[in-house]
Amino acid sequence: MRKAIVFLMLVSISLISPNLLFAQSKNEILIRNATVLTAAKGTFENTDILIQNGKIAKIGKSLKASANAQIIDGSGKFVSPGIVDCHSHTMLDAVNEFSYSVTSMTRTRDVLNPKDIAIYRALAGGVTTANLLHGSANAIGGQNITVKFKYGKAVEEFPIADAPPGIKFALGENPKRTNFNPTPNAVPRYPRTRMGVMEVIRDAFVRARDYKKEWDDFRAKKSNVQPRRDLELEPLVEVLEGKRLVHAHGYRSDEHLNLLLIADEFGFKVATLQHALEAYKIAPEIAKRGTGASIFADSWSYKLEAYDSIPYNGYILWKAGVSVSINSDSDERMRRLNLDAAKMMKYGGVPEEEALKMITLNPAKQLGIDRRTGSIEVGKDADIVIWNAHPFSVYAHPELTMIEGEIYFDRSKDLTRRAELQKERETLEKLDVNRPPGSGGTPPKVPTEQRRADLDDADGGNR
Amino acid sequence: MLRRNFAVPFLPSSALKIMKSLFRRCFVAVLAFVSIVMSVNAQTRTATFAITNAQVVTVSGPNLSRATVVVRDGLIEAVGENVKVPADARVIDGSGLIVYPGFFDANTSLGLAAPVAPRPAGQGLPTTPTQSPSNSNYPDGLQPEESAIERLKSGEAQFETNRNAGFTTVLTVSRDGVFNGQSALINLAGDSVSEMIIRAPFAEHFSFTTLRTGQYPTALLGTFSALRQMLLDAQRLQANRLTYDKNPRGMKRPEADKSLDALLPVLSRTMPIVFNANTEIEIIRALDLAKEFNLNAIISGGQEAGKVADRLKAQNVPVLLSLNFPKRTTTASPEADAESLDVLRLRAETPKTAGKLAGAGVKFAFQSGGMTSIGDFATNANKAVENGLTKDAAIRAMTLSAAEIFGVSDRLGSIEKGKIANLTVSRGDILSKDKTITHVFVDGKLFEQKEKPKTPTPTTGGTQPAATASVGGNYSITVEIPGQPLPGTLSLTQQGEILTGNLQTQLATTPIKDGKVTAEGFNFTTTVEFGGSTFDLFVSGKVTGNQISGTMTSPQGAIPFSGTKIP
C-alpha cells in the first residue's frame with residue numbers, strides 16, 4: 001500500500017512538477033527601482049516589476065524574487081509597456097494584390113517573413129506588437145494579422161493566437177488611382193472615382209449578405225446543395241457577424257463618414273479609421289459608434305486628399321472621447337513612435353499618460369488584444385521596454401525590449417556583438433564563393449534596402 | 001464512375017487517375033514497360049553488352065571490384081563477379097572503369113518545346129492580356145493540367161550534352177506560371193516521346209510566383225488565395241459529381257473543368273505536388289500548405305532546406321535539392337555597398353545543406369537547378385561531400401534516392417538484375433576532378449563519347465570537348481520584364497569565338513560589345529539608355545535548335561529572355 005502511494009506520488013511528480021519547475025525557472029525577472037509608466041494606472045517611481053512565466057506577476061516596492069531570477073537594475077531608468085503599432089507592413093513579402101478592387105481572400109499571414117531586419121529595428125525602437133495590414137490599393141484589401149515581434153523565432157510564433165481577425169479597407173485616392181498602372185497590359189480597373197469606391201464596398205456587402213443567406217439556408221436544411229465556399233466573401237460575412245475588425249484607410253472625413261454610414265446600413269462596426277487626418281471634423285460621429293482612430297502624428301497636408309489635416313487632430317478626437325492611436329505605416333517611422341506620441345502633448349496638451357496610451361493601450365484596445373498587452377498591469381503579458389530616459393525625451397532610446405518575459409533586444413549585447421559580426425564578415429569574405437571574380441561578371445547590384453524603396457514607389461505608395 | 005470513364009476512352013488522363021490509384025499505377029507501369037521493350041526490340045534487337053572487369057557501384061548492394069555487367073534488350077541481365085559473358089555480347093573491357101547506375105537529374109526543363117509562339121516582331125505591346133490558346137476557365141499560368149508530355153519534343157539528339165555528362169533520366173517540367181503543370185520522368189534516349197517516358201505525369205509543380213499579365217494573382221498574397229480557392233473548388237466539383245452521378249435529376253450538371261480536374265489527384269495524394277521553394281520561409285510556406293490540404297508534397301530547390309530539416313522530416317517531405325550553388329558573380333567596385341552578411345552566409349552554407357538533410361534523415365535527390373554548365377553538377381556534389389555528406393549518400397542522391405522519390409526504384413536507380421539498363425561508365429571517380437565518362441547506356445542503348453576529350457584541364461574539371469556553339473542568326477526574342485514583356489530582335493554574327501551584332505527593341509538599337517561564343521552558349525555586353533541614364537546590360541544565353549534563351553542582367557537585377565530564330 002505504501003509502495004503504491006509512493007509510486008503514485010512519483011508518477012504525479014514526474015507528470016506535473018517538471019513542467020511547473022521548468023516554467024518557473026524558465027524566466028523570472030525582477031526589474032528593480034525604476035520609474036514605471038503603466039499607461040493605465042499612472043506613473044510610479046522607485047518601483048519594482050516581477051515577471052513570472054512571461055506575465056507581469058507583481059508591481060510594487062521591494063519585491064522579492066526567487067534565487068535564480070534575473071535581476072535588472074532599473075535605477076534611473078524608465079519602464080513602459082511595449083509599443084503597439086496599429087498600422088504596419090513590416091515583415092510582409094507582398095503588400096498589395098493589385099488585380100481586383102476586392103481582395104478579401106488574401107491574407108498577410110501567408111507572406112510573413114520572420115527574418116525581416118526591420119523587425120529587429122522596430123524592437124530597438126520599443127515596438128513589440130504590430131497590426132500587419134494589406135496595402136491600400138483596393139477598396140477592400142486583404143486580411144491582416146496581429147503579431148508580436150518575436151524576432152529569431154519561427155514564423156508561427158509571431159501571430160497572436162487570440163487576437164480577433166481583421167481586414168483592410170481603403171477609401172479615396174489609392175483605390176481609385178487606376179490611371180497609375182504598373183502593368184500596361186492590365187485591363188483598366190473599376191472604380192475610377194470616390195463614389196465608385198463606395199459602390200464597390202456596398203456591392204461586396206450585398207454579395208456577402210446573399211452568400212451568408214445561402215449558407216444559413218443550407219444549414220437550416222432549406223436547401224440541399226452545399227454552397228460553394230467563397231474565400232472572397234467568407235471574411236466579409238465575418239465582418240457582418242461582428243467577428244472581424246475593419247481597418248479603413250482614408251483621409252477625407254466625408255469618405256470616412258460615408259463608410260460609417262454603410263457600416264450602419266449593414267449593421268457592423270468599423271474598428272478603426274486609419275490615417276484619418278481630417279477625422280476631427282467628424283469626431284462626434286466617430287465617438288458615437290465606438291470606432292477608433294489610428295492617425296499619423298503629423299504628415300499634415302502631405303497629399304491633396306490630406307489637405308485639411310491639422311496638428312490638433314489627435315487632441316480634438318481624444319477630447320471628443322474617441323480612442324486614438326498613433327501608427328507608423330513605415331519601417332523607419334516605427335522606430336520612433338515614442339516621439340510621435342510626445343507630439344500629442346505639444347499640440348493641444350493631451351496629458352502625458354493619455355499620450356503614452358496612444359501608442360500602447362489604445363491600439364491594443366483597437367486590435368482587441370488589450371487583455372494581454374498594452375499596459376503594465378498584473379496578469380498581462382510582460383511586453384516591456386526599459387528606456388534610458390523618459391520615452392518622450394528626444395534623448396530616449398530603449399535599452400531592453402522584452403516580449404512575454406523574453407528579451408528580444410538588448411542594447412548592450414547589440415553593441416558587443418558588432419565586433420563578432422565584423423569578424424564573421426571578414427572570415428566569410430575570404431571564402432572563394434564570396435570573392436568577386438577577377439574580371440567580367442555583372443556590375444554590383446543595388447543594395448536590397450534601396451530596391452525596397454523603389455518597389456514601394458512602384459506600388460504608388462499604396463500602403 | 002468507373003463505367004463512365006471506360007465508356008469515354010478519350011477523357012483526359014487526369015480523369016482516369018481519380019479512379020483506383022492502384023489500377024492506374026499498374027496501367028502506367030505496364031504501358032511504359034511495354035513501350036520500352038517494344039522499342040528496344042525494334043531498334044537494337046541484338047544489343048547485348050558485357051562490361052567486364054569493372055568496378056561496379058550497385059548502390060543497392062555492396063560495391064563490386066572486378067565484376068561483369070551484362071546488358072540485354074534494354075535490361076540488366078546479370079551483374080556480379082562470377083558472371084559469364086554471353087557469346088553474343090559485345091564486350092567492353094571495363095578495366096580501370098567504374099560502372100554507376102545512370103544518373104538522375106531530379107528537376108529540369110529538358111526536351112520541352114517553347115510554350116507559345118512569340119509575337120511577330122514590330123507588333124508592339126499588346127493592350128489586352130495575352131489570350132491563352134487553352135479553353136480552360138483559368139488564365140495562362142493557373143492551368144495545372146498543362147502537361148510536360150504534351151510539350152515534349154521527340155528525338156534523343158537534343159539530350160547529348162546531359163547524356164555525355166552521365167545523365168540518363170531526368171524529371172522535366174515547365175518553369176512558367178504559378179502552376180508549372182505536370183512533370184514527366186523521361187529517359188534521355190528514344191526517338192519518340194512514348195519511348196522516352198518512364199513515368200508521366202509524375203507530379204504537379206507549383207511556384208510561389210505571380211501572373212505577369214496583370215491578372216490575378218499579381219502578388220504573392222493572391223498566389224496563396226488563388227491556390228486555396230482552386231483546391232476548394234476542385235473538392236466541391238468532385239463531391240458534386242458523385243452526387244450527380246447517383247441521381248442527375250433535379251441537379252445542375254457539374255462543370256467539366258479540366259483545370260480543377262487536374263487537381264483531384266493532388267488532393268487525393270495520388271499525385272505529389274512539387275513546390276519550388278529555396279528559402280527557409282518558402283519551404284515553411286509550402287509545408288504549411290501541404291498540411292492545410294493534406295497534400296503529398298515535395299520540395300524542389302531547397303537551398304535553405306537544412307534550416308528546416310526537422311520540419312521536412314516530421315512531415316516526411318523529400319527534397320529535389322539543387323546543386324546550383326550560389327556564388328558571387330558581381331565584380332568588386334569601390335563604390336558598391338558591402339554585401340550583406342546574409343548573402344555571404346548563404347553562399348558559405350548552401351553546400352552544407354545536403355549533409356544536414358542526410359543527418360536529419362530527410363530523403364533527397366540532386367537536381368541541376370538551372371545551372372549554366374552541367375559539369376558543375378558533379379563538382380558541386382563533391383562540394384556537398386566536402387561539407388559533411390558521405391560519398392555514398394551523394395551517389396545515392398543521383399541514383400536510387402531519386403528513383404525512390406519518383407516511385408520507380410523497382411526498375412531504376414541501382415545496378416540489379418532485371419532493372420532498366422541505364423548505366424554511366426567513367427574512368428575515375430565520378431565526383432573527382434579527373435574523370436572521363438566513357439560510356440552511357442540508356443535503356444540498354446550504348447552512347448559512346450563521340451569525341452575523346454583532350455587532357456582534362458583541372459580548372460574546369462570538365463570532360464566536355466571545348467567546342468564552340470553555333471549561335472549566329474537573327475532571333476525574334478521576348479524580354480520577360482515582369483508584367484511588361486518586351487519584344488525585340490537579336491542579330492548575332494559569329495566568327496569563331498567572336499560575336500558581333502546588335503540588340504533591337506522599341507527602346508533602342510544597341511551594338512554588341514565584348515561578344516564571346518563558348519561551348520555552352522554566348523555572352524556579350526550592350527549599353528542601353530533608359531530614363532535619361534545609361535547602363536551596361538550583360539547578356540548571356542544559349543541556342544538550342546532554333547530556340548534562344550538566356551538572361552539579361554542590369555544593375556536592377558536579372559531578367560530572362562527567350563525566342564526563336566527568324567528563318
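Predicted model: local features only at pLDDT ≥ 70, side-chain atom pairs only at ≥ 80, totals over all residues.
Local features need pLDDT of at least 70 and side-chain atom pairs count only at pLDDT 80 or more, while totals for chains, interfaces and linings use all residues. Residues are numbered from 1 along each chain as its sequence is written, with chains lettered from A and ligands numbered from 1 in the order in which they are written.

**View 1. Helix α12 of chain A crosses helix α12 of chain B.** Helices (H or I, at least four residues) and strands (E, at least two) are DSSP runs, numbered from the N terminus. The pair shown is α12(A), residues 411–430, and α12(B), residues 341–349. Their axes come within 10 Å and cross at roughly 45°. Axes are lines fitted to C-alpha atoms, for helices over the stretch in contact, and angles run from 0 to 180 degrees between N-to-C directions. The two helices are therefore oblique to each other; angles under 35 degrees count as roughly parallel, over 145 as roughly antiparallel, 65 to 115 as roughly perpendicular and the rest as oblique. The crossing is left-handed (the near helix is turned anticlockwise from the far one by less than a right angle; clockwise is right-handed). From α12(A), A:L421, A:E424, A:R425, A:L428 and A:E429 make the contact. B:L341, B:L344, B:R345 and B:A348 meet them from α12(B). Contact requires C-beta atoms, placed from the backbone, to lie within 7 Å. Five of these residues are nonpolar, none polar and four charged. Here Ala, Val, Leu, Ile, Met, Phe, Trp, Tyr, Cys and Pro count as nonpolar, Asp, Glu, Lys and Arg as charged, and the others, Gly among them, as polar.

**View 2. Domain 1 of chain A touches domain 2 of chain A.** An automatic or database assignment sets the bounds: domain 1 (22–81 + 380–414), domain 2 (83–373) and domain 3 (415–458). The centres of domains 1 and 2, taken over C-alpha atoms, are 31 Å apart. At the contact, 20 residues of domain 1 face 22 residues of domain 2. On the domain 1 side, β5 (78–81), β15 (398–403) and β16 (406–410) each give two or more residues. The largest share, three residues, comes from β15(A). That side divides into 13 nonpolar, four polar and three charged residues.

**View 3. Four strands of chain B form an open sheet.** The order is β6-β7-β9-β10, with mixed pairing. Two strands pair if DSSP finds at least two bridges between them. The edge strands, β6 (103–108) and β10 (197–199), each pair on one side only. Neighbouring strands are turned by 30° against each other on average, direction ignored. β7 (167–172) and β9 (184–187) pair in the antiparallel sense over four bridges. B:L171 has B:L185 of β9(B) as its bridge partner.

Note on methods:
Contact = placed C-beta atoms within 7 Å.
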